[in-house]
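I will look at one structure and jot down what I find, step by step.

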Amino acid sequence: QAAGKPLPHESAALHVSGEATYTDDITELQGTLHCALGMSQKAHARVLDMNLDAVRAAPGVVAVLTAADIPGENNCGPVLHDDPLLADGLVQYLGQPLFAVVADSHDAARRAARLAQVQYEELPAILTPQEAKAQNAALLPPMRMRRGDADAALQRAPHRITGTFECNGQEQFYLEGQISYAVPKEADGIHVWCSTQHPSEMQMLVAHALGWHSHQVLVECRRMGGGFGGKESQSALPACIAALCATRLRRPVKLRLDRDDDFMITGKRHGFYYEYDLGYDDEGRIVGVRLDMTLRCGFSADLSEAVATRAVCHFDNAYFVPDIDVAALCGKTHTQSNTAFRGFGGPQGALMMEVLMDMIARRLGRDPLDVRRANFYGIGERNTTPYGQMVVDNVLHPLVAELEASSAYRERREAVRAFNRASPVLRKGLALTPVKFGISFNVPAFNQAGALVHVYRDGSVLVNHGGTEMGQGLNTKVAQMVAAEFGLGLGLGQVRATATDTSKIANTSATAASTGSDLNGKAGQDAARRIRRRLAKFAAERWGGTPDAVLFADGMVSVNGVTKPFAEVVDAAYWSQVQLWSEGFYATPGIRWDKATMTGKPFYYYAYGAAVSEVVVDTLTGEWKLLRADLLHDVGQSINPAIDVGQVEGGFVQGMGWLTTEELCWNDQGRLTTHAPSTYKIPAVSDCPADFRVKLFRNRNVKDTVHRSKAVGEPPLLLGFSVYNAIRDAVASVGGYRREPQLNAPATPEAILAAVMQLRMQEQDASHA
Ligand code: MTE
Ligand code: LUZ
Ligand code: MOS
């Protein structure tokens with residue numbers, strides 16, 4: 001009964017009443033101290049002297065710790081060991097933590113942290129991906145994926161476009177900032193409550209920082225107030241520093257980053273710089289591409305290698321590219337170390353392709369949808385990706401056809417053209433963009449998960465799994481899958497999910513790559529099935545019939561004409577010494593990846609979707625508004641349509657924010673000048689279109705996923721491209737659709753206005769000539 005129903009999020013009532021407990025809401029133990037970080041004021045410098053006397057003397061200060069006070073490894077980098085907890089002699093970005101202050105209040109700690117007197121010897125800083133590329137400043141070996149002969153294809157292509165493009169990064173802006181609360185336990189143990197997508201990684205990094213074993217560290221997270229990738233690796237800094245201070249002082253220590261500090265210290269989505277060379281034929285079909293991408297990685301590697309890999313594997317998006325040569329450079333910049341953000345490089349790869357699609361269409365004077373269709377992966381032919389995986393589950397043809405009709409795309413294209421002919425100042429734009437997103441961690445081993453299900457004697461069920469809840473509804477979905485096995489619902493006294501806890505499930509993967517419900521749903525189902533099999537065997541022995549014939553439905557267990565409440569059967573089984581709890585495990589089959597050749601089968605399946613957006617742009621001010629958006633997204637057979645629609649809407653709006661209003665600016669000193677909601681603008685409720693039509697595509701995963709569902713967390717973010725492309729379409733109307741707007745992402749009003757003015761000037765020049 002529970003599977004496939006639009007049930008409310010398990011914590012919905014707690015979220016709206018304010019009762020939901022986040023890390024900062026945990027009742028503080030007596031003697032709790034508060035930590036704040038002192039930050040570098042230079043982007044790249046040697047620290048000549050750090051005078052912390054005034055910090056130590058400040059009111060309320062209990063201790064000040066520096067790199068020298070770290071007993072274990074001074075690192076919180078998840079892959080390479082290049083991410084110091086506290087800078088040790090060298091600073092590599094403005095905002096880098098230099099020391100930790102522990103005081104009796106959060107405010108006292110923050111005030112004291114500003115009193116340090118630091119002398120620097122400044123070093124040259126690299127502040128943009130272009131500079132990193134020019135200086136060949138790379139954090140990792142360059143990456144390259146090739147199929148066929150791109151150069152030969154470009155030579156023979158009837159048409160060619162070359163140029164450069166840029167997209168900026170994006171701050172995760174989780175409503176709950178990074179936070180950890182560390183409490184020392186007996187015999188060198190520590191319990192860390194941490195807002196994290198990756199408790200097992202936090203456990204390991206805390207152990208390394210303390211020079212301890214993993215079994216001494218317990219990390220727990222009931223829920224996050226959003227993660228969006230920002231708490232996949234970078235929850236480690238607060239976790240390790242809080243743990244360090246707590247073990248040193250033998251008192252509970254909380255480290256909560258203030259919003260500004262969170263912006264200044266933690267990494268964001270990678271901004272990209274692209275150089276492209278594209279060949280196409282008269283139909284608009286791509287013949288060959290050469291693409292060179294440079295990532296703004298920041299000062300350390302973090303997850304950038306996997307991000308770059310996903311970017312390279314998503315440049316194709318929905319399209320077959322016969323001859324291709326894509327390179328990616330993990331550029332080192334002296335800025336925050338960029339990290340996971342919803343889509344994990346996929347959006348940056350696919351955005352370039354979607355911009356190119358519109359360029360081809362404009363040059364050929366064809367409708368962009370026709371050009372896109374001509375390039376779609378085929379069914380049966382033209383269906384192998386550049387990395388060698390066959391696209392066997394393509395639903396783009398029917399999906400896009402359905403959206404084209406339901407959104408009245410053709411009629412509205414005509415209407416937009418007619419409107420623009422009659423409107424000198426306000427210009428409308430329309431775009432349909434598709435998405436194909438690969439599901440699985442591109443590090444094959446990470447595709448595993450565990451769960452622990454307890455059935456108590458009263459028939460109530462407690463579910464624990466290795467995934468984390470960040471608002472996306474994972475606990476609800478896993479509880480639904482477990483409830484379904486027992487014929488229960490999610491009501492009171494039935495199935496309840498508990499906090500993620502490293503002492504319950506070991507060696508978990510990050511809740512990331514949208515795989516949370518695929519992996520943990522299967523693991524939870526596995527655990528529940530083991531218990532159910534035991535219950536069925538018991539019931540058949542007690543009441544007759546075969547175990548296979550035992551039915552679990554509507555809170556009852558039936559066999560051989562006997563029907564009993566679930567709780568009664570459970571209690572009877574207990575008295576017959578039946579084990580009523582179980583672990584469960586799942587590993588995605590068949591994932592392969594060869595890093596050297598960049599080929600394999602990195603994805604279990606693909607999720608698809610498409611969106612149509614219509615905007616109106618004021619060409620005198622650059623302001624714009626999204627008038628209507630139609631979204632059609634494939635989640636396979638939905639476990640919970642209410643939650644899935646929420647994910648699709650949220651992803652779309654977050655993608656729109658990235659490409660339009662959210663702008664990260666660093667000044668020439670490397671200081672991030674947009675570090676608070678006053679200067680960094682995420683979309684608000686009022687930015688949602690008044691006419692917002694969101695539908696789930698009727699589908700069933702061809703792969704054996706839990707309930708035949710598909711992952712939904714990240715793919716809809718790419719639907720936001722349609723807003724950006726619609727803005728470009730509106731701007732292009734100023735040049736009679738003959739010229740390409742010079743418009744990078746984000747398309748802020750300033751950038752839109754500049755692009756409009758440039759087109760107007762070009763038009764004037766052309767008419768004078
Ligand atoms: N939805 C909410 N409400 N909050 C979040 O932080 N993170 C996104 C997505 N949806 C996020 C979210 C990201 S980056 C990922 S990878 C997935 O949720 C992770 O959860 P899942 O794998 O269970 O879908
Ligand atoms: N790969 C991926 C990863 O595709 N998505 C992720 O979130 C991720 N995280 C860590 C390592 N590889
Ligand atoms: Mo999501 S970026 O994979 O945490």
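**Entry 1: a helix on a sheet.** I began with helix α3 (residues 106-113), which lies across β1, β3, β5 (97-103) and β12 and runs at about 20° to β1. Helices (H or I, at least four residues) and strands (E, at least two) are DSSP runs, numbered from the N terminus. Axes are lines fitted to C-alpha atoms, for helices over the stretch in contact, and angles run from 0 to 180 degrees between N-to-C directions. Two residues are in contact if their C-beta atoms, placed from the backbone, lie within 7 Å. I also looked up helix α7 (residues 236-249): α7 lies across β1, β3, β5, β9 (179-185), β10 (189-194) and β12, at about 30° to β9.

**A note on the source.** This is a predicted model, where local features need pLDDT of at least 70, side-chain atom pairs count only at pLDDT 80 or more, and totals for chains, interfaces and linings use all residues. Residues are numbered from 1 along each chain as its sequence is written, while chains are lettered from A and ligands numbered from 1 in the order in which they are written.

**Entry 2: the sheet itself.** In what order do the 8 strands of the open sheet come? I read β3-β5-β1-β12-β9-β10-β11-β20, with mixed pairing. The edge strands, β3 (61-65) and β20 (500-501), each pair on one side only. Two strands pair if DSSP finds at least two bridges between them. I then checked β1 (residues 33-39) and β12 (residues 253-256), which run parallel and are joined by 3 bridges. Here C35 stands opposite L255 in β12.

**Entry 3: domains.** I found the chain divided into domain 1 (31-124 + 172-265), domain 2 (126-170 + 268-376), domain 3 (393-442 + 596-769) and domain 4 (448-587); these bounds come from an automatic or database domain assignment. The centres of domain 1 and domain 4, taken over C-alpha atoms, are separated by 38 Å. Their contact takes 18 residues from domain 1 and 14 residues from domain 4. On the domain 1 side, α6 (199-210) and β11 (217-221) each supply at least two residues.

**Entry 4: the ligand.** Which residues are closest to ligand 1? They are M470, G471, Q472, G516 and G713, out of 21 residues that surround ligand 1; a residue counts as near if its C-beta atom, placed from the backbone, lies within 6 Å. The elements giving two or more residues to this shell are α15 (516-543) and α17 (641-659).
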